[in-house]
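Here is my notebook for a first look around this structure. Have it open beside you and follow along.

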Amino acid sequence: MANELGKWSVNYLPGEGGRYTGTLGLDEGALKFTSLYESSNKTIVKAIFMDVGSFAAAGGHTVYRYSDDDELHVELPVTEIATVHAAKKGLLKQAVVTMRDGEEFVFDHGMLNVKKMVEAIDSVITT
């Protein structure tokens, strides 16, 4: 079992649209988001619930989004993460994770500071 290095309540903002409120956890192997509920008014569901065909089309990454019809999951292996940085959109603070293939994952922490979250993720990907 991997040691948990951090856990935060965040909103995941898929590039396709939508907003999912849940928990973001970090260990030595992966950054993992599990939704508690869908929290947007607009969601493009078929773009979020990727299937096995999308896995192959994405170059065979062992990632990204899947659904068991109760929860949305995002799992980002730390070996595939290229960078992480803090961003600000109005009063909202976000951690933006960029994968080696260029895909971005945005985790919104509301008005709370993301500095410790970004530092924790960065410490795992730079080692």
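Is Gly25 buried or exposed? I looked it up, bearing in mind that this is a predicted model. Gly25 has a relative accessible area of 15%, so it counts as buried, the cut-off being under 20%. I found Gly25 in strand S2.

Next I listed the contacts of Gly25, skipping its neighbours within four places in sequence. They are Gly6, Lys7, Ala30, Leu31 and Lys32. I also checked Gly25 against Ile121: the two are 96 residues apart in sequence, and their C-alpha atoms are 9.9 Å apart in space.

**Entry two: salt bridges.** How many salt bridges does the count come to? I got 2.

Lys32, already on my list as a contact of Gly25, forms a salt bridge with Asp27. The closest N and O atoms of that pair are 3.7 Å apart. I then looked at how accessible each partner is. Lys32 is partly exposed at 37% relative accessibility, whereas Asp27 is buried at 13%.

Arg19 forms a salt bridge with Asp108, and here the closest N and O atoms are 3.5 Å apart.

Arg19 is partly exposed, with a relative accessible area of 23%, while Asp108 is buried at 1%.

Notes:
Residues are numbered from 1 along each chain as its sequence is written. This is a predicted model: local features need pLDDT of at least 70, side-chain atom pairs count only at pLDDT 80 or more; totals for chains, interfaces and linings use all residues. Side-chain values use heavy atoms; hydrogens and water are left out. A salt bridge is a side-chain nitrogen of Lys or Arg within 4 Å of a carboxyl oxygen of Asp or Glu. Buried means under 20% relative accessible area, exposed over 50%, partly exposed in between (1.4 Å probe, protein chains only). Helices (H or I, at least four residues) and strands (E, at least two) are DSSP runs, numbered from the N terminus. Contact means heavy atoms within 4.5 Å.
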